[in-house]
Protein chains: 4
Amino acid sequence: MWSGRLGAETSPLVERYTSSIDVDRRLAPDDVAGSRAHAAMLRDVGLIGAADHAAIDAALGQIDTELRSGAFRFDAADEDIHSAVERRLFEIAGPVAGVLHTGRSRNDQVATDMRLAAKRACADIVGALLALQTSLMRRAGEEADTVMPSYTHLQRAQPVTLGHHLLAYVAMAERDAGRLLDARTRCDVLPLGSGAVAGSTLPLDRGAVATALGFAASSRNSMDAVSDRDFAVEIAAACALVMVHASRLAEEIVLWTSAEFGFAVLPDTHATGSSLMPNKKNADVAELARGRAGRVVGDTVALLTMLKGLPLAYNRDLQEDKSALFDAVDTALATITALTEVIDVLEFDRGAMRRAASDPDVLATDAAEYLVTRGVAFREAHAVVGRLVRRVHEQRRTLADLSVDEWRDASPAFDESVLQLFDLDAAISRRRTPGGPNRESIDAQLAAARRGIEQARARLDSSG
Amino acid sequence: MWSGRLGAETSPLVERYTSSIDVDRRLAPDDVAGSRAHAAMLRDVGLIGAADHAAIDAALGQIDTELRSGAFRFDAADEDIHSAVERRLFEIAGPVAGVLHTGRSRNDQVATDMRLAAKRACADIVGALLALQTSLMRRAGEEADTVMPSYTHLQRAQPVTLGHHLLAYVAMAERDAGRLLDARTRCDVLPLGSGAVAGSTLPLDRGAVATALGFAASSRNSMDAVSDRDFAVEIAAACALVMVHASRLAEEIVLWTSAEFGFAVLPDTHATGSSLMPNKKNADVAELARGRAGRVVGDTVALLTMLKGLPLAYNRDLQEDKSALFDAVDTALATITALTEVIDVLEFDRGAMRRAASDPDVLATDAAEYLVTRGVAFREAHAVVGRLVRRVHEQRRTLADLSVDEWRDASPAFDESVLQLFDLDAAISRRRTPGGPNRESIDAQLAAARRGIEQARARLDSSG
Amino acid sequence: MWSGRLGAETSPLVERYTSSIDVDRRLAPDDVAGSRAHAAMLRDVGLIGAADHAAIDAALGQIDTELRSGAFRFDAADEDIHSAVERRLFEIAGPVAGVLHTGRSRNDQVATDMRLAAKRACADIVGALLALQTSLMRRAGEEADTVMPSYTHLQRAQPVTLGHHLLAYVAMAERDAGRLLDARTRCDVLPLGSGAVAGSTLPLDRGAVATALGFAASSRNSMDAVSDRDFAVEIAAACALVMVHASRLAEEIVLWTSAEFGFAVLPDTHATGSSLMPNKKNADVAELARGRAGRVVGDTVALLTMLKGLPLAYNRDLQEDKSALFDAVDTALATITALTEVIDVLEFDRGAMRRAASDPDVLATDAAEYLVTRGVAFREAHAVVGRLVRRVHEQRRTLADLSVDEWRDASPAFDESVLQLFDLDAAISRRRTPGGPNRESIDAQLAAARRGIEQARARLDSSG
Amino acid sequence: MWSGRLGAETSPLVERYTSSIDVDRRLAPDDVAGSRAHAAMLRDVGLIGAADHAAIDAALGQIDTELRSGAFRFDAADEDIHSAVERRLFEIAGPVAGVLHTGRSRNDQVATDMRLAAKRACADIVGALLALQTSLMRRAGEEADTVMPSYTHLQRAQPVTLGHHLLAYVAMAERDAGRLLDARTRCDVLPLGSGAVAGSTLPLDRGAVATALGFAASSRNSMDAVSDRDFAVEIAAACALVMVHASRLAEEIVLWTSAEFGFAVLPDTHATGSSLMPNKKNADVAELARGRAGRVVGDTVALLTMLKGLPLAYNRDLQEDKSALFDAVDTALATITALTEVIDVLEFDRGAMRRAASDPDVLATDAAEYLVTRGVAFREAHAVVGRLVRRVHEQRRTLADLSVDEWRDASPAFDESVLQLFDLDAAISRRRTPGGPNRESIDAQLAAARRGIEQARARLDSSG
């Protein structure tokens, strides 16, 4: 491509080390789309004739077909997807292919391809997140009255419902989708027309290309346009948080399906066994989802570290954006999709959950708040009940075993109504603050989540 | 605080290891503000009497004053800022202090404090970014006609203007501000009222507290509310990108002030010397800005890794959000502020830049595009000019030394007008594509940047 | 310090941004020790007179005392520990202080200070790791016969002993100590005498300084010596792995002390409660140990990212080595120390562990290997037993409920001796392969671990 | 493989999400070697007969051949390399294949495969580092007298030689090799025989397998053995530091080949051009080496984050060790190999370097040390010369332009001999401290480096 300037053959080792075709070939459809839009613009502004354009466009159409069908043959000498497509274009269309690169550099070309791919990846992951939300919401609706203990520090804390617990993940997914939609908006800017770094002396119509490719705007500064990889970092970081959320849900699936918790069972279709131990049934999907959080954190680090300290404008270091971004979005998409299926089929054991929640300890806070409603200062109420908890533990009894007299001994503000605290369903109903675990709150959460999904869909539809 | 429940004194080593007071004392104003809003609400819903409220509020007011004046005395036993404030509240107000914790846990309290601090940090950094943009825009306006070479791969590429180069960083800062404003919007949600994990059995008015503290909304799910640290990750990641941009600008300042480039000089006020070498004058601020990018990438990793695999809801691991988030926002704020001052005082050497841009090689693309306008296919034009470049390098001449005949020998499409290509100012003017380096584009960039600043200010003003 | 060269006062903002005194003041003892060794060498080679040396050494002795007692007063203008010490030296000793910096730069001085501190940190953490090993080994010896289920995928797998389980962490700690000792050996090289970058024109005796400061060798290349921070990265990375191991042990403590597992109880001295819930007793030390793994991973990233792409030799970016390295070593040291105390006091519930291990599923592998010893190919044996496990689960029975006939129906290779498989203690004894869970193996592991500790102590003692 | 236990077909999505065959197929030779050693041991301890062993070994030999030749056909259903090999073994050898998995789990099998691959990777990278050292040492010997400026803060500091500068990278590579050799020693431990987690009830001879596979020892604790991935972290972290060093050397190549420095030229065989700009000649290998540092930092983070918080023993998360470790070692190996070739062919411009070093400022330290040898305290000498530097800069003169009288005015300790300071070669010779830039020091560095290489080769040869 630069044999005019550099006289000698490139060293094979240099070729291998600098080649990106194994990673960037997935940009093929974007590269062809970008070239077709560029060629049409060149024709419209008069830089190439109609016949030349027609020949180029037809050849690009054929290349697109070959790429999609798998018929496209890559050469060992194809350094990247851009040179592969251009090489094939020459084979099909002959010397007229030489006009396509008019007013264009691989620097703005690859930035354009990457943004097209990044926008699509955002949309795909948002779609998967909405599906996960939908699945979680369906299960949450079914389990709105399933009482279970909530945990803090992995110690039983207070009673909640499984529906409420699952809706916490809906809230996370909603924020994830919002972040990815914001990232997509910031990514929705066309770099093409920036040339290698300084724009072009030719009368290019950037707006037309932006419209043709579905970009909301054109970049405002050519030097920034060819060296900006913010969108890759922002999307990777958003995916890292998606994966962290996935890892938290995964951790719970692992805990819940353990013999010790026994809150849920995976169907055999979604579990794996052991090559050695005939007894094993494991939640491998959840474990991998958890483990793969690490790789997306790593991808984000790779991008940030790669960019650190680079002067303007394009530097070849930027080629490293691809493997990291693609790995981040692929991992997030596959993980959310797999976890959605797991959520769909997970079999909850309502009885086991209720049994765990029937530990009277989890109502100690209710006893303290009972005192508050009878005029005891909270700190005092907390101490009173704390001492009772300590005592029953020492006696291997439970709070539910205490007699009214024992309660009254601890504080005169108790009367026999304290015994009614230990009705689990009533305990759920009592938690009336907005954002709480009872059915009313769950209904409100579901309604809000549905609105969020509609808004996300509207944002997805409104562009590119 | 839990001496009712746990009978023994906590081990001193455990106290030391779990204490966060050294890090979270900066939350003091937020903690007091949150407590005052909570107390007012408790009064309004009838959970505490007016007199008790008045006593508590007065004491909190006094504590606020003590904290701001430095008169507040921390105890060795103060585990965190919440217990320090509560301890002092008891000292001032006596037993009535015991009602303040009604319907509140440190889990939702610290999440509230952190969100108040995080929102303020976002606003502060956005403010600093707008100041940096303003400074860069002023310098860019002054240097709109200062010709310099652009670089790709740190090799001279094509002529641009310094104004255009500086505006690339305005574009980065604008995206940074957008990310932080988006993060702030997502952070603008009140957790208080979520209790430890499951809400409360008491009739709390969460909306009133949200309004009092300037939050746009209340959290929808109590389990999510106490265990969500997305805002910390999102802000840290946005700061990491701020720092990566700072590191790129810093790298250029280091390059430009080197003897080899000589494009700029730091005034003695903004340079440092050597303890050994009497000749040295170094750009230490820029180097530290570059090096400190690493720590904010590290902070982001710390947060993501900390969250990975945590089950719901609150776990003590979350305490680690503070040092990482505070370090990220402090570093970003200090760095942007310092770089703004450096940009303000940096002395550009326009002559040196123009001399560097006068390397005729940087107009090779113009020669190729000249041929394109005369009907030569770009690939052919590129090869023709590439061969000329190679030849003049071998002959230790430059493109500007070529005679019209030599040009014509290379391609019959050249005529004597080719010699006019080597007027640098005309070369800048020729780059007419939107986003290019000339004055018209710079004016457009400045106008757009001003609109961006106004919009950012409006978003800052519109909330909290 | 460079007011000769740079005429103007440094901008206050630049001073603040570049100051490191808050972080590097802990290097004070190393800085003074380095200066005293340097001064003695300058006297011995004749660069300063005996009287001047005596005055300087006495003043440095006084400074050391002031620093250790807290009497040393830092100035707002002290940029770093080196300038603070030099400033005070002038105050005490007068103009003669001006000779101390002969043949020395802050570049080689700070590298020397950092290596002294790094070596000491390695030794401290290794010491803590040996104490953790000792504690784990004591508990492992006590629990050599305590049967518990091992877990893979957090599913019960096969019976092991708690002693064996704890010894897995001894193996990790032994590798950690080995890594830190290797890192310390590579760190044990004196940079002083490298000057700012190019050595010195003065007749310095580097070997004498190395001996005085306890370094095993002097650096071989001055440019490398002032810009090398490998030791910081290597130690931080080793600490990250220490913390990852701590996080794994912490996770198990959290699981074991949960109501669901119930394998262990923390004494009240080593647990914390809740500000809201009177029932809670949490393993906060373990959770913080787990969460703090993130910050040390982040520190490692900060160092690597800071170093990436720096040209030789010293750049101010390197100042950022301090906060990251100090945070990594402090966190590792405090965490190992805290976990050791937790291991010391953790109360195991042997009955609960044995009950969990009494799940007959965990002996399914024994049944398959029983068949192998009777000539059945393992894959076939695995399938036979797997089908039995599935069947008993469907029937809500266990493997231990199967009659001899049922076993024989599954495979004619079973006879009544299969029923003896379900003796847990015998099952432990059967696992005779070296590295297994029984007492013989535990004794061998303990003996090997004791040898490892002796070797580590010998390496610690053998140098500086 | 577990169809006995789990009745249903695995969901296709679960199969896809959990499959590792795309990544772990490169372990094929190790997997086969491990199986052959295991089978031979099973025969020797009497667990399988000689004829069965012969059939299995022959089939494994055939599989090895198929894998190496590319004739091996992977199935869509092959979940990982272990199941692929076992599936093929059944095809070739029939039911007897079922005995191979006796006393072995995929947990200890994959750990064994990974360690074999990791040990080989360490050896390969160490070999590449020794080659890089050799190349740098050859160039350093050639350029032992080539004077150039050293830089601190990218400002010219003092004169050094190019030979000395290159030897700084030899020192880095030597430490890198040491770290990888230490990592390899810690990795040289056989996990096989640990079973899934708890060893085996069968009489396995682990020592025989260790010897057959070239491991120095067998693991001491079965639970640690199957869940330990320290070796992956340690090697990845060592590779991250290798890459950071590569990024520093790369940065210098980029700087040196810029028009502004002009210290070196890449031959056309090792440079790349631009698709748009006919003038460009770029150092893409160096830029990619610099950018790829980020990905190996990311790989290290991925591994650490994946391991964080995992309870014992094997969890499926560990499968993620492969992509990260393989990426780290592949990137380091390819980068060192590519940079070695670049170092071999880089054309230095000795004249340009000497011209840059002829800036008299770089001898300011010599002037100060000149005063020291005449009894002026260094701090005073520094100030005297600093003021002279400032004055000549203001006058647009240089230190070399000062008359003897001007020197004497600045300090009476100067006499006419000061003018001789400005002989560059003498300035190099003056720097006599060990570790300095002159030929004597370079010879010593080369000799030490040669000894280091011999020792590294001896360590490589001494094991596995």
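The model is a predicted one. Chain B can be superposed on chain D and also on chain A, in each case by a turn of 180°, and helices α10 and α11 of chain D pack with their axes 8 Å apart.

**Chains B and D**

**Chains B and A**
- Chain B is superposed on chain A, with an RMSD of 0.0 Å, by a rotation of 180° that carries 0.0 Å of shift along its axis.
- The C-alpha of chain B that lies nearest this axis belongs to Ala237(B), at 3.4 Å from it.
- Because 100% of the interface residues of chain B are also interface residues in chain A, these copies likewise meet through the same surface.

**Helices α10 and α11 of chain D**
- Helix α10(D), which covers residues 230-256, packs against helix α11(D), which covers residues 284-307, at an angle of about 160°.
- An angle over 145 degrees counts as roughly antiparallel, and α10(D) and α11(D) are therefore roughly antiparallel to each other.
- The contact of α10(D) with α11(D) comprises, by class, 19 nonpolar, two polar and four charged residues.
- The crossing that α10(D) and α11(D) make is left-handed.

Technical notes: Residues are numbered from 1 along each chain as its sequence is written. Chains are lettered from A and ligands numbered from 1 in the order in which they are written. This is a predicted model: local features need pLDDT of at least 70, side-chain atom pairs count only at pLDDT 80 or more; totals for chains, interfaces and linings use all residues. Side-chain values use heavy atoms; hydrogens and water are left out. Copies are superposed by least squares on the C-alpha atoms of residues with pLDDT of at least 70 in both. Contact means heavy atoms within 4.5 Å. Axes are lines fitted to C-alpha atoms, for helices over the stretch in contact, and angles run from 0 to 180 degrees between N-to-C directions. Helices (H or I, at least four residues) and strands (E, at least two) are DSSP runs, numbered from the N terminus. Angles under 35 degrees count as roughly parallel, over 145 as roughly antiparallel, 65 to 115 as roughly perpendicular and the rest as oblique. A crossing is left-handed if the near helix is turned anticlockwise from the far one by less than a right angle, and right-handed if clockwise. Ala, Val, Leu, Ile, Met, Phe, Trp, Tyr, Cys and Pro count as nonpolar, Asp, Glu, Lys and Arg as charged, and the others, Gly among them, as polar.
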